[in-house]
Amino acid sequence: MAPNTVVVTLEKAENISLIELNDPTAGSIFQEKQKAASPKQFTWVLLLKAHRILACIPWLAVSLWTVFGSIRKRIASSDPNEEDPRYRGRLYRFIKVFLAVSVMALVIEIFAYFNKWDLSMVNPWEVQNLVQWSYMAWLNFRADYVAPLIVTLSRFCIVLFMIQSLDRLVQCLGCFWIKCKKLKPVVEGEPFDIEDGSSFPMVLVQIPMCNEKEVYEQSIAAACQLDWPKDRFLVQILDDSSDELLQHLIRDEVMSWKEKGANIVYRHRFIRTGYKAGNLKSAMACDYVKDYEFVAIFDADFQPNPDFLKLTIPHFKGKPDVGLVQARWSFVNKDENLLTRLQNINLCFHFEVEQQVNGLFLNFFGFNGTAGVWRIKALEDSGGWLERTTVEDMDIAVRAHLNGWKFVFLNDVKVLCELPESYEAYKKQQHRWHSGPMQLFRLCLPAILTSKISAGKKANLIFLFFLLRKLILPFYSFTLFCIILPLTMFIPEAELPSWVICHVPIVMSILNILPAPKSFPFLMPYLLFENTMSVTKFNAMISGLFQLGSAYEWVVTKKTGRASESDLLSLAERETKTLNEEKIQRRLSESGLEMLGKLNEQKEQKAPVVKKKNRIYRKELALAFLLLTAAARSLLSAQGIHFYYLLFQGLSFLVMGLDLIGEQFPANRPIHTNKSQRANCCYQFPFNRYIQITSLDVALNLSEYLSGKMGDEKDAFYVVRKGDAVGVYKSISDLQSVLRSSVNDPSVSVFKGYGLSREAEEYLSSHGLKNAIYSIDASDVQDDLFGQLITCPFREPNSSKEKSTSKEPFGQKATGGSMHISQLDFPFHVQCSCILEFDGASKGNPGQAGGAVLRAADGSMVFRLREGVGIATNNVAEYRGAILGLKYALQKGFKHIRVQGDSKLVCMQDYNTEADAQANLGIHLKTGEIQVECDMK
């Protein structure tokens with residue numbers, strides 16, 4: 001009988017209505033029976049899980065194949081020789097040697113592991129062969145000599161790590177205290193008498209720039225629109241550009257604002273020394289500067305709000321010891337890519353915590369070089385701008401602090417700017433930001449020690465401001481996590497504890513990310529990114545400390561000229577009004593010149609596509625392979641947390657080394673100018689025709705645009721035809737004598753080309769005289785001698801109604817005939833006006849797509865556009881539709897754009913029904929996917 005069987009005998013069962021069994025095992029028996037009752041269900045669950053796992057395999061395979069394919073394409077399009085060797089140097093050679101030794105050590109360890117050598121407890125005389133004896137000797141040497149040295153170095157770095165972490169924690173507590181107590185700088189009394197303009201102090205606004213063609217216009221416009229009495233502030237445009245065409249564009253922009261009533265001047269240095277510091281120093285030497293009390297400084301990509309001066313200048317009133325008021329930066333492109341998101345985390349912590357805490361409790365912080373207002377007397381008392389380092393902003397701030405001046409930081413006053421979007425630009429920016437402080441520390445240390453400030457301020461400057469945050473931070477980050485950690489994988493006796501690798505860094509990363517709470521999903525990428533950038537910062541710190549060559553290099557950070565999406569519609573509306581009010585009509589006309597008499601025989605050629613290029617960063621790649629080698633070694637020791645850290649950190653170095661983060665920019669990018677210029681110049685010109693333009697500023701802008709398409713500015717040359725003579729010149733300055741005497745001569749034409757070939761030079765030498773470059777008779781000009789040319793007129797036409805164009809090739813004599821614009825054969829996309837209708841998907845909220853309809857004013861064409869926007873609100877979908885339409889209109893060359901959309905939700909539904917239909921058709925599109933349909937009449 002089974003042990004769990006219970007026999008119950010009933011007598012007179014008809015008198016019993018309920019039987020109760022108190023058996024403790026009965027419940028478990030029934031439960032087991034219940035579980036065993038559905039084996040098919042359990043099987044189906046297992047099969048379902050297996051099916052899901054198998055379904056993931058193709059997806060993973062496709063994803064990996066796509067990633068590797070992208071890597072392969074980027075490596076194929078890269079040029080490993082483009083990286084400046086000054087950024088590699090001795091550190092790169094050290095990493096290569098370390099990598100080679102690590103690979104050999106890994107091979108030995110793998111061989112010993114699979115042969116199951118455990119020689120730590122074996123007597124040396126019992127070793128079987130020479131290889132085992134050598135391996136055992138290495139183990140003994142490693143334990144007795146190498147491990148103690150590595151342990152000592154790692155403990156030293158851990159101490160520095162904990163000190164820096166404590167400093168960061170204290171700063172965060174200070175920021176928390178500021179938030180709790182709602183502390184912030186206050187203005188004493190009523191700052192100005194609005195009715196009395198003379199109560200406003202005189203302010204000088206300086207905008208230094210150097211070859212920043214993408215952003216000059218927006219910064220000039222923002223400065224000229226500051227809300228301050230026009231006679232109480234002056235805008236200085238300090239242009240250090242080396243590009244002559246860009247100089248003309250900036251000067252024309254300044255003149256246009258001057259005609260509108262702005263008090264603005266243009267300054268260009270002929271001897272451009274000292275970088276930004278030299279530029280500012282030269283501007284402060286002007287005689288009229290003595291009439292001004294304050295100076296506001298903005299970099300070329302900064303766009304202050306109109307109320308900037310009214311929010312900053314009042315903090316000087318009643319505080320004669322305040323020398324600087326610094327505003328915070330905000331970023332228009334912080335969500336552009338992963339690189340900009342990670343930069344935003346760093347800079348949010350810098351402003352929200354570091355600058356704010358130091359400003360409130362110490363009245364000192366490093367000047368950020370822009371978006372700040374200085375008391376001119378503070379600059380003069382501190383010695384003015386000096387050209388001795390690449391961080392002139394920090395230099396003047398330290399000297400002003402030593403002279404007793406106080407600083408005020410305004411966290412609630414923000415100035416719009418942009419972040420570098422490419423890893424190359426960010427890397428060079430960080431190199432300058434971390435090499436300059438070390439140069440400055442070497443120069444300022446004697447002055448700090450002998451200054452009259454208190455001992456506490458001296459200690460803060462030396463130990464916290466310079467040593468801890470500028471020297472120790474990059475030193476331990478690189479040494480501990482990029483050198484010692486992989487080294488301990490081959491020397492287990494010096495293994496780092498897990499709290500150093502994982503716990504403390506994660507806590508510090510959380511503290512860093514608190515000022516930007518929306519960036520919490522990027523916590524782990526941020527941690528890996530910071531360790532990856534440590535190699536650049538360490539290299540920069542060493543070069544600045546020991547005055548190596550790359551420490552004195554200044555590279556202007558590349559800009560993209562992005563505008564905030566929320567302002568595009570208002571900008572388009574203002575631009576339309578401006579175009580209607582302009583007195584000078586800017587028009588494009590096609591020249592009657594045929595290209596050497598063969599215009600009808602040649603086929604139109606497509607504009608060459610400038611491909612994006614990636615760089616290969618060898619230092620990052622060497623470190624990637626080093627960390628991955630150490631990760632492979634950690635597998636043999638079954639060190640879980642060490643393996644995962646080394647694996648992901650090695651992959652992050654690999655991503656950086658292959659330039660797979662951020663945006664890649666081609667070497668020659670077309671210029672981004674204002675809307676009226678883009679409307680005139682972004683037309684896809686057929687390069688087998690000559691082009692004549694009737695306005696000088698548009699011609700210069702077009703030449704700059706075509707320089708990105710046709711060649712580098714350094715290869716530019718100018719062809720001047722005067723009667724039967726043709727001259728070739730290298731620069732505009734070489735044309736001065738010719739053009740001065742030919743302003744009213746209709747037979748003179750000026751053309752621009754790029755890249756004069758060697759064959760052309762030899763031909764010109766054999767047929768003519770060598771002047772600026774060459775002079776030759778027009779009859780000797782061959783068909784394809786100069787390649788692609790554009791016309792550069794040097795005078796304005798007498799009337800907008802009369803446009804003279806010559807129709808002959810170089811070898812023929814000018815007929816002097818004229819032709820009106822209406823007689824020219826314009827391509828369809830150079831029409832003047834269009835109507836833009838836009839809307840978002842109206843089927844519920846969120847809106848998943850934006851739509852637009854672009855109609856030419858003459859009805860000759862209709863473009864239907866739609867773009868998927870993913871999960872977004874209806875308002876976002878509508879604006880994306882508007883932005884899509886505006887971009888496409890500019891691409892097609894429209895100058896006047898009339899926008900009508902569903903901005904009032906209901907009242908305009910009758911006018912954009914077709915745009916709404918396009919948005920609804922696009923709800924199935926992927927995020928960022930665009931569809932275009934075109935109807936021609």
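Is Y145 buried or exposed? Y145 counts as exposed, at 56% relative accessibility; exposed means over 50% relative accessible area, buried under 20%, and partly exposed in between, with a 1.4 Å probe and protein chains only.

## Basis of the model

This is a predicted model, in which local features need pLDDT of at least 70 and side-chain atom pairs count only at pLDDT 80 or more, while totals for chains, interfaces and linings use all residues. Residues are numbered from 1 along each chain as its sequence is written, and side-chain values use heavy atoms, with hydrogens and water left out.

## The chain overall

The protein chain has 24 helices and 19 strands. Helices (H or I, at least four residues) and strands (E, at least two) are DSSP runs, numbered from the N terminus. Of the 937 residues in the protein chain, 50% are buried.

Contact means heavy atoms within 4.5 Å. Among contacts in the protein chain with a separation of 6 or more, 79% are between residues 24 or more positions apart.

## Aromatic pairs

A search of the whole structure finds 26 aromatic pairs. Rings of Phe, Tyr and Trp (its six-membered ring) pair if their centres lie within 6.5 Å; planes under 30 degrees apart count as stacked, over 60 as edge-to-face and the rest as tilted. The F141 and Y145 rings have centres 5.3 Å apart and planes at 35°, so this pair is tilted. F141 and Y145 are four residues apart in helix 4 (residues 130–181), which separates them by about one helical turn. F141 is partly exposed, with a relative accessible area of 43%, and Y145 is exposed.

W329 and F351 also form a tilted pair, 5.3 Å centre to centre with 50° between the planes. This pair links distant parts of the chain, since W329 is in strand 5 (residues 322–331) and F351 in helix 9, 22 residues apart. Both W329 and F351 are buried. Ring pairs link W329 and F351 into a cluster with F302, F364, F365, F367, W374, F407, F409, F441, F465 and F466.

## Lysines over rings

A charge sits over a ring if NZ of Lys or CZ of Arg is within 6 Å of the ring centre and within 35 degrees of the ring normal. K260 lies over the face of W257, at 4.5 Å from the ring centre. K470 lies over the face of F465, at 4.4 Å from the ring centre, and F465 belongs to the ring cluster.

## Helix packing

Two packed helices are described by the angle between their axes and the distance between the axes. Axes are lines fitted to C-alpha atoms, for helices over the stretch in contact, and angles run from 0 to 180 degrees between N-to-C directions. Angles under 35 degrees count as roughly parallel, over 145 as roughly antiparallel, 65 to 115 as roughly perpendicular and the rest as oblique. Helix 11 (residues 392–402) and helix 13 (residues 455–490) have axes that come within 11 Å and cross at roughly 160°. Helix 11 and helix 13 are therefore roughly antiparallel. Their crossing is right-handed; a crossing is right-handed if the near helix is turned clockwise from the far one by less than a right angle, and left-handed if anticlockwise. M394, V398, H401 and L402 of helix 11 meet K457, L461, F465, F466 and K470 of helix 13.

Helix 9 and helix 15 (residues 523–545) pack at an angle of about 85°, with axes 10 Å apart. That angle makes helix 9 roughly perpendicular to helix 15. L339, L342, I345 and N346 of helix 9 make the contact with P525, Y526, F529 and E530 of helix 15.

V535 is in helix 15 and counts as buried, at 0% relative accessibility. Not counting residues up to four places away in sequence, V535 touches L91, F478, K619, E620, L623 and F653. The C-alpha atoms of V535 and T479 are separated by 9.0 Å, and these residues are 56 apart along the chain.

H268 is in strand 3 (residues 264–268). Leaving out residues up to four places away in sequence, H268 touches D239, D240, S241 and Q247.

## Positive phi angles

Most residues other than glycine have a negative phi. A371 has a positive phi near 60°. A371 is in the loop between helix 9 (338–361) and strand 6 (372–375), and counts as buried at 0% relative accessibility.

D659 also has a positive phi near 60°. D659 lies in the loop between helix 18 (640–657) and helix 19 (675–681), and counts as buried at 3% relative accessibility.
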